[in-house]
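Please open the model in your viewer, and keep the sequence panel beside it. The stops below say what to select next and what to look for there.

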There are 2 protein chains.
Amino acid sequence: LGRYLVLAAARRGLKTFVVDPSAQAPALKLADQARAVSFTDRSVLEEMARTCDVVTFESESVPVQALEILAQLGCTVLPGTRSLGIAQDRILEKTFLAQLGIPVAPWCAIEQASDFPKAIGLLERGAILKTAREGYDGKGQARVDSLQTLESAWHSFGQVPCVLEVCIDFVQEASVLAARDTGGKVALHQPIENRHHRHVLDVSMVPAQIGPAASKAMEEIAHRIVCDLEHVGVLAVEFFLLPDGEVLVNEIAPRPHNSGHITLENPVSQFEQHLRCILGFPVHPEFSTKGSAVMVNLLGDHWKGTDEPDWGCLSSEPQAFLHLYGKELRAGRKMGHITLVGSNAEDLLRRTLELRKQIFLDND
Amino acid sequence: LGRYLVLAAARRGLKTFVVDPSAQAPALKLADQARAVSFTDRSVLEEMARTCDVVTFESESVPVQALEILAQLGCTVLPGTRSLGIAQDRILEKTFLAQLGIPVAPWCAIEQASDFPKAIGLLERGAILKTAREGYDGKGQARVDSLQTLESAWHSFGQVPCVLEVCIDFVQEASVLAARDTGGKVALHQPIENRHHRHVLDVSMVPAQIGPAASKAMEEIAHRIVCDLEHVGVLAVEFFLLPDGEVLVNEIAPRPHNSGHITLENPVSQFEQHLRCILGFPVHPEFSTKGSAVMVNLLGDHWKGTDEPDWGCLSSEPQAFLHLYGKELRAGRKMGHITLVGSNAEDLLRRTLELRKQIFLDND
């Protein structure tokens, strides 16, 4: 995500100053100035404040405190810290959604052992314990169905604050990207249907194979969230779709989103849109993808047992767009993606999955 | 052009090694490895050959000799040297086009004083003397209409080989981008209408306001040229359109072209297309721009007398795409461009020009 933000900035002739604690972060390599240090390194934050007109982030792992220091030093920090602070903490996030009357899976906070009794009703329906902070892609999550398994999971997480959620028998997952500019104008990207594999995003497609009422409900919810948070920039809302057509919010990502990579072949990508907003320009009114598009992720796992992916297979699909992020290979890591753009989403899906299978010699 | 090639490569996770004699070249800043040295620096060429799988170029100023050294060192150099060698020399270029029977303005070569007599017929019709090598954007060109003015112009050019061309009373100018892959497949971008201001590209638009017969003739010519040259990658052919609908080739640019910046908001930009071809992937079959688009260049001249362009004006056109190249300001230099995408080219043209006027406080 950071790398694509830097690339979008470069188109505008903007110079970038990137901070990431990991020296291998792909965005660092393309930045005009790159610092592989902790987000809270005071001297680098001071340097950043002296150098940069606007500061943004592309990960919830950036501490709110770092952004507050930058703001104190006179930097324009967009989006502000409100949406980040809420998205970093599942308890705050679910409380915020409850206050807006936005439906989520039944849940309760588990902050101390005395919270266990109120969990009984949820446990009976099958539930999932998630650490309130710092979990992503299924990390810091455990299925629990009894007080015993709850207690043991909570202990394995180090007794940190958690949320317990009922496991939802959803039929589909989708995300809506919402971009809001400093003038308060909002542009929405239509729902993107997402399919996960072992908790990691596997496939995204537009249009989502979802009825108009559910689509409209999701768009309205995303609109309310981005406005209520006074978020400036792109924000993604992840949804569960229930068998009866009801939609529940899964979580909020206060930044461009992996599913939004499907916009990279559009005139207005999520990164272009994010930049417009944080630079004080109006959001581009046409954010939705025209026609159909399917994106499949390439995960570190796909490389397993493959000496070298057979990229030559791409020749069988001249219309495919290959993206690789320049990351070091690791299992479970998102290494890149392939997008096919066309008119029939089901056909594109079949072809894109087939292509991935060929590239990785059926190691799919 | 180099900067956008690097950006397109970065999307694919490719690493880039950029050589440019000018330390300020915008592509150098984004490259993984950057060398601000002469194109013929032997030790850097050797380093490049050790480091790179494929080498390409984005300017006719790269000496053929440098590419030949790289090829000798075992590098894949695409496009090869044939189209470059021809495009670097107006005499070779016009001879090549004549051999293919492709119409150009009446011309003759002026290589020595004894060539003057054969120029008389052309001079009577009003002609332009151009140095055979190293002219661009109107540099190395002079209007001549008599043996006397011809002789004085030729002397002012240092008596280097030149071509003398009849001045064409064209009604329009256009360019066709042709991309050809290693398998010989070609994808064409429909004609882009170009308007120049003082010999520098000012405005490009699609669709060109040109009839179907002339459009088809231009596409056929571009197709023949790219095939006959066995060019791999993107190549642009610049055309003059005569009042009677006839088309003449002005010149060949064996690389992505400034007018092709209009493709940057498309799924397949000219840079993506160029990369596909030189990497050995098939050319994307859909190269033409859908709908309408207008691009206006921002030249160094526009900044004159403006303390700071009023970029805030962009707020009046939320659909505009601003591109700045990160170059040092200089009169006549292409500093960036603005593109508007929509359905009515005339309307887009009016709005884009108006926008530029506002940004530069009527200093247009």
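A salt bridge is taken here as a side-chain nitrogen of Lys or Arg within 4 Å of a carboxyl oxygen of Asp or Glu. This is a predicted model, in which local features need pLDDT of at least 70 and side-chain atom pairs count only at pLDDT 80 or more, while totals for chains, interfaces and linings use all residues. Residues are numbered from 1 along each chain as its sequence is written, chains are lettered from A and ligands numbered from 1 in the order in which they are written, and side-chain values use heavy atoms, with hydrogens and water left out.

**Between the chains**

Select R11(B) together with E265(A): these two form a salt bridge, with 3.7 Å between the closest N and O atoms. The count of salt bridges between chain A and chain B is two.

Now show the whole side of chain A that touches chain B, to which α1 (2-11), α2 (26-30), α10 (270-278) and β15 (321-324) of chain A each supply at least two residues; helices (H or I, at least four residues) and strands (E, at least two) are DSSP runs, numbered from the N terminus. The most comes from α1(A), which gives five residues. Counting contact as heavy atoms within 4.5 Å, 34 residues of chain A are in contact with 34 residues of chain B. Of the interface residues of chain A, 97% are also interface residues in chain B, so the copies meet through the same surface.

**The axis**

Next, display both chains as C-alpha traces.

**A buried threonine**

Which strand of chain A holds T339(A)? Select β16 (residues 334-342), where T339(A) lies. T339(A) has a relative accessible area of 0% and is therefore buried, a word that means under 20% relative accessible area, against over 50% for exposed and in between for partly exposed (1.4 Å probe, protein chains only). Apart from neighbours within four places in sequence, T339(A) is in contact with E265(A), V294(A), M295(A), Q319(A), A320(A) and F321(A). In this list you meet E265(A) again, the partner of R11(B) in the salt bridge.
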